[in-house]
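I opened the model today to look through its two parts and to write down what I could look up, entry by entry.

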Amino acid sequence: MSGSDTIDNPDRRNFLGKITTAAGVTGAAAACWPFVSSMNPSTDVLAKATTEVDISSIPPGGEHTVAWQGKPVFIVHRTPEQIKAMESKETTIDPEADDKRVVKPEWLVVVGICTHLGCVPNRDPEGGWLCPCHGSMYDASGRVIRGPAPRNLEVPVYHFESDTKIIIGKKI
Amino acid sequence: MIKKTISWIDERFPLTAFVKHELTGYPTPRNLSYWWNFGFLAGFVLVLQIATGIFLAMHYKADSGLAFDSIQHIMRDVNYGWLLRYLHSTGSSAFFVVIYVHMARTLYYGSYRKPRELLWWTGQLLLLLLMAISFMGYLLPWGQMSYWGAEVITNLFRATPFIGDKVVIWLRGDFSVGDATLTRFFALHFLFPFIILGAVVIHLVALHTVRSSNPSGINLADKDNIPFHPYFTIKDMYGLGVYLIIFFAFVFFFPHFFIEPNNNIPANPMQTPPHIEPEWYFLPFYAILRSVPDLVGGVVAMGLSVMIFAAMPYMDRSNIPGGAHYRPWYRVMFYVFIIDIFVLGYVGSQPVSPDMIILGRAASLVYFGTFLVLPFMSKKEEQWMRARGLPPALKALFEPRAPREHETQGGNSK
């Protein structure tokens, strides 16, 4: 504050300036956190994170679609022939063994969203799916057998609560 | 790299020159007290209100069937929703505290006087916008106080000559405050802050033309100005720190201090709460409204009580420079006026009773009386002061400066 232009210890002043700036920037960044966080799913949205499905009424060969976190999930009761066909088949676009995609072979659970651009594929009478948007094809294990989709249909986290009930969104 | 980028910009846009001229090097009177912090604080509160408001709007639902519950959703489900809401609700009160202190400082130190009339009037416009915004925002939680406050205030427009009833229905979009009113208030509550932002720019352009006033009330010579940075950036930051401690004490420990308990009851058009009162910042004006036993008269008196500040540059006819510090009569009037506002605020918060009506009318008369007496008082005060001889402190500031008046006025040129 004095009229003098000289500083006794410029290093000390620079250090204080830098540390004040750092503390201010850190504080401002921390103050941004509640704003950013408020845009994350709220607790009522998180409450929709799991879906409980009674699968006792789905006949062999039948398919049932349920909503999980706002997304369609296909639950297919596969016939022994389909299981056998899928277990012996290999795909090339996104190779994955059938037994890695199921918990119990007769139940296939996949997220019904095409891995290309997010449309919902339609059920193919042969047992797979065909995406209406860009023509991607999936087999009865939800594996992609024709592009442009790059990956197999996603298998959500799920477990069997009992023989006739599954919980999607939670492992055990 | 940074230097190169800045010089690249400077060749195309006067960035460095602008920052130096308007911010870092901006000449500021060296004698500014902490009363001059409140303009900066008002800007800070405005930015915080816009930020919290935008994030609240992401979760709020402007629908009479959903609005009340969406506030509960924000309070309980949204991450930090309680914080955003309490920042916003406390912030609206804080905004008025800051603005009222800012205005009181202007009145005390005579900052409204020539050449700062336009600065004062743009401030008056900002006050009106702020009042409109807070009134419309108060409807959004859709509680009982929200509802009946909006019902009463929109009813004031019945005082419009000839077409009053039609105007009220037009404002509400319904025959009473309803869903249409809520959605339009939300739309306008979202829009107006950005109009305020524009008006603040005009306010600042006016400020940077006439420069800050100062506690002496006299335009200082260039040698008495110091650069804004670092002297006043530091002073503003310190003031901000003090402000934030008080502000967050309310946000974290007394968030309901500014929220009427009745507003936790959903709006019910069939039943008015036994005692309704506006938010504290409207109480003095509300008391004036109630003091006039006539609808039109009350509305006119209330409108006048806000707008009359605009006339200050012309009602204060004294040629004595300096603020209230050097003007004993004006100083007394200032304090009478401030006390009177608190009395009016108290009256506005009380249920109507014969005593309160008398007190309210007396206080209203004093309110307008101070303004009406001012032109005569200020002239007489000048004569009285000149007859007695100007105080030495004022002489030292005023008299040697007088011949150089034109020079300091044109001080922009350096």
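**Hairpin in chain A.** I began with β2(A) and β3(A), which form a hairpin with two residues between them, and I noted that Gln69(A) in the turn has a positive phi of about 50 degrees. Strand β2 covers residues 63–68 of chain A and strand β3 covers residues 71–77, and six bridges join them in an antiparallel pairing. Within this pair, I found His64(A) opposite Ile75(A) of β3(A). I kept to the rule that two strands pair if DSSP finds at least two bridges between them, and that helices (H or I, at least four residues) and strands (E, at least two) are DSSP runs, numbered from the N terminus.

**Ground rules.** This is a predicted model, in which local features need pLDDT of at least 70 and side-chain atom pairs count only at pLDDT 80 or more, while totals for chains, interfaces and linings use all residues. Residues are numbered from 1 along each chain as its sequence is written, and chains are lettered from A and ligands numbered from 1 in the order in which they are written.

**Sheet in chain A.** I next traced an open sheet of four strands, in the order β5-β6-β7-β8 (chain A), with antiparallel pairing. β5 (122–123) and β8 (144–146) of chain A stand at the edges with a single partner strand each, so one side of each is left without a neighbour in the sheet. Strand β7 (residues 137–138) of chain A is joined to β8(A) by two bridges, and the two run antiparallel. In that pairing I recorded Val144(A) of β8(A) as the bridge partner of Tyr138(A).

**Chain A as a whole.** I listed three helices and 10 strands in chain A, which follow the pattern α-α-β-β-β-α-β-β-β-β-β-β-β along the sequence. The C-alpha trace of chain A spans about 95 × 35 × 25 Å along its principal axes. Its radius of gyration is 27 Å, whereas a compact globule of 172 residues would have one near 16 Å; the radius is taken over C-alpha atoms, and the globule rule is 2.2 Å times the number of residues to the power 0.38.

**Chain B as a whole.** I listed 17 helices and two strands in chain B. The C-alpha atoms of chain B fill a box of roughly 70 × 65 × 45 Å, taken along the principal axes.

**Helix α3 of chain B and its partners.** I looked up how α3(B) lies against α5(B), and found that their axes come within 9 Å and cross at roughly 160 degrees. Axes are lines fitted to C-alpha atoms, for helices over the stretch in contact, and angles run from 0 to 180 degrees between N-to-C directions. The two helices, α3(B) and α5(B), are therefore roughly antiparallel to each other, given that angles under 35 degrees count as roughly parallel, over 145 as roughly antiparallel, 65 to 115 as roughly perpendicular and the rest as oblique.

I then turned to helix α10 (residues 228–253) of chain B, which packs with α3(B) at an angle of about 60 degrees, their axes 10 Å apart. That angle makes α3(B) oblique to α10(B). The contact is made by Phe40(B), Leu41(B) and Phe44(B) of α3(B) and by Asp236(B), Gly239(B), Leu240(B) and Tyr243(B) of α10(B), where contact means that the C-beta atoms, placed from the backbone, lie within 7 Å.

**Where the chains touch.** I noted that the contact takes 11 residues from chain B and nine residues from chain A. On the chain B side, α3 (38–57) and α5 (81–108) each supply at least two residues, and α5(B) gives the most, with three residues.

**Backbone details in chain B.** Most residues other than glycine have a negative phi, and most peptide bonds are trans. Pro115(B) has its place in the loop between α5 and α6 (117–139) of chain B. The peptide bond from His229(B) to Pro230(B) is cis with omega near 5 degrees, and Pro230(B) is placed in helix α10 of chain B. Finally, I noted Tyr80(B), a residue other than glycine with a positive phi near 60 degrees, in the loop between α4 (67–76) and α5 of chain B.

Definitions and conventions: Contact = placed C-beta atoms within 7 Å.
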